[in-house]
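I opened this notebook to keep track of what I looked up.

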Amino acid sequence: MNKPEENSLFQMKPFEEKPDICVTVPGSKSMTNRALLLAALSEGQSVLKGVQFSEDSRVFMEALREIGYSVAVDEDRAKVVIGGRGTKIPKDNVSVYVGSAGTAARFLTAMLALSGGRYEVTSSEQMKGRPMRPLLEALEQLGVIFEYKERPYAFPFAICGRRNVPCEKVFLNIDESSQFLSALLLAGVLYENGFLIKLTGKRDAKAYVKISMKMMREFGCHMEQRTENEYALLPEQSYTAREYQIEPDVSAACYFYAMAAVNGGTALVRHVHFDSTQGDIRFLYVLEKMGCEVKDEPEGIRVTGKNDGSLHGVRINMSDFSDQTMTLAAVAVFADSPTEISGVSHIRRQESDRIHGIVTELSRLGIRCQEKEDGISILPGKIEPAVIQTYDDHRMAMAFAIIGTKIPGIVIENPLCCRKTYEKYFEVLTNLNLSLN
């Protein structure tokens with residue numbers, strides 16, 4: 001494998017023998033961006049350790065600087081020090097860019113909107129097409145005034161202050177993204193009287209919401225989940241600055257576990273354990289169901305594929321760990337029976353239409369599959385060489401590379417789109433392959 005370059009094609013090189021992988025992955029993107037927001041809203045200096053440095057987190061940190069926060073970065077030690085200001089936002093009239101980062105876009109929008117200031121908020125072209133309306137409508141219920149520059153309820157927009165209107169209950173639909181709920185919860189300390197969030201809609205996937213709630217408690221804020229669909233932000237809450245260790249990114253770890261599964265090898269990812277709060281840890285149970293051995297060892301979880309490389313197809317609802325849909329699709333092509341993935345209709349409006357993208361690229365590889373509204377049916381078969389289109393979607397690039405670790409002739413288009421969450425992914429793959437040959 002070669003070193004990736006901007007807008008290049010990356011020629012995958014299959015492992016020449018069964019891999020014995022041992023890697024350390026960056027910190028969790030989800031937890032990194034939550035910790036950045038919580039530290040900014042805390043009173044005093046917080047030290048964040050195990051920070052993931054990626055395009056998303058850099059956009060988030062730069063936005064905090066634009067708003068007036070002190071953000072000191074030490075990439076070599078994966079550490080960030082933030083000078084928090086409590087519920088007092090340093091600047092109340094600036095322009096903020098949120099890039100393509102869904103967490104930055106939703107979390108920062110909620111923070112700025114509830115602060116009562118005036119802000120211009122812009123994004124990448126990709127983020128303009130991603131869902132924002134349910135969050136913006138909820139913020140309007142809390143008195144926030146928006147002025148939309150291009151399309152209603154989409155970036156770019158101006159936040160034009162907040163009316164002082166009483167609001168005890170907010171209605172919110174999270175069918176398209178649970179980040180809407182996390183955004184209101186995390187930034188809710190800025191609404192001094194507190195409020196109740198009542199969920200509407202059908203989606204009940206809340207793994208990332210649980211991470212938000214846990215981290216809020218760790219930073220000293222108390223809230224209540226009163227029923228399955230009711231969350232209460234209590235009055236006069238605040239966050240306390242602290243030193244905080246961020247977990248390794250389980251989403252990133254799963255790519256290496258999948259490589260072990262399809263190649264009949266082994267993969268150990270350091271410091272990843274089953275007590276992780278991240279929903280993607282559930283992907284390991286899927287690999288176990290497909291025939292892999294999964295062990296939580298002192299150094300980290302180890303996955304071992306069957307020696308003959310055989311895997312079983314599965315039927316699985318991935319609503320609560322949907323980031324691994326593409327990873328499972330890449331593994332499923334090597335199974336001995338069909339795989340049915342459901343519960344993931346919301347991934348059509350993420351960085352790309354991921355369901356359509358998976359079906360298109362699997363078809364390009366000669367794999368028969370069926371696109372459904374909320375999922376995919378995949379029939380294993382003979383894989384043909386192909387150039388994989390990635391749609392500027394980091395997870396498409398990283399997941400389809402799994403196939404190229406076993407099958408020759410797989411080329412990944414624009415590999416550096418993975419900078420969004422895992423900058424050195426393809427360099428790690430290159431080094432792994434070199435060390436095995």
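I began with the second largest cavity and sorted its lining by class: one residue is nonpolar, four are polar and four are charged. The model is a predicted one. I then looked up the names. Ser28, Lys29, Ser30, Tyr208, Asp249, Ser251, Gln278, Asp323 and Arg395 line this second largest cavity. Its volume comes to about 50 Å³.

How many cavities of 30 Å³ or more does a search of the whole structure find? I noted two. The largest cavity has about 380 Å³. I counted 30 residues in its lining, and Ser177, Gln179, Tyr208, Asp323 and Gln350 lie nearest its centre. I also asked which elements give two or more residues to this lining; they are α1 (29-40), α3, α7 (207-218) and α12 (394-404). By class, I found 15 charged, 11 polar and four nonpolar residues around the largest cavity.

Next I turned to the largest pocket. It holds about 320 Å³ of space. Its lining has 15 residues, and the closest to the pocket centre are Pro26, Phe53, Tyr422, Glu423 and Lys424. I sorted this lining too: eight residues are nonpolar, five are charged and two are polar.

Then I looked at strands. Strands in a sheet pair through backbone hydrogen bonds, and they do so either parallel or antiparallel. I found an open sheet of four strands in the order β10-β11-β13-β12, with mixed pairing. Why does one side of β10 and of β12 lack a neighbour in the sheet? β10 (169-173) and β12 (223-227) are at the edges and have a single partner strand each, so one side of each has no neighbour there. On average, neighbouring strands of this sheet are turned by 25 degrees against each other, direction ignored. Inside the order, I checked β11 (residues 195-200) against β13 (residues 230-233): they run antiparallel and four bridges join them. Phe195 has Leu233 of β13 opposite it.

My last entry is on strand β6, residues 93-97. Val94 and Val96 make up its covered face, while Asn93, Ser95 and Tyr97 are on the uncovered one. β6 runs parallel to strand β7 (residues 118-122), and five bridges join the two. I looked up the bridge partner of Val96 in β7 and found Val121.

Key. Residues numbered from 1 in each chain as written. Predicted model: local features only at pLDDT ≥ 70, side-chain atom pairs only at ≥ 80, totals over all residues. Heavy atoms only, no water. Buried < 20%, exposed > 50% of the residue type's maximum accessible area, 1.4 Å probe, protein only. Pairing = 2+ DSSP bridges. 1 Å grid on protein atoms, 1.4 Å probe; cavity = no way out; pocket = protein on both sides within 12 Å on 5 of 7 lines; lining within 4 Å. Points joined across faces, edges and corners; volume = space filled by probe spheres on them. Nonpolar A, V, L, I, M, F, W, Y, C, P; charged D, E, K, R; others polar. Axes fitted to C-alpha atoms, helices over the stretch in contact; angles between N-to-C directions.
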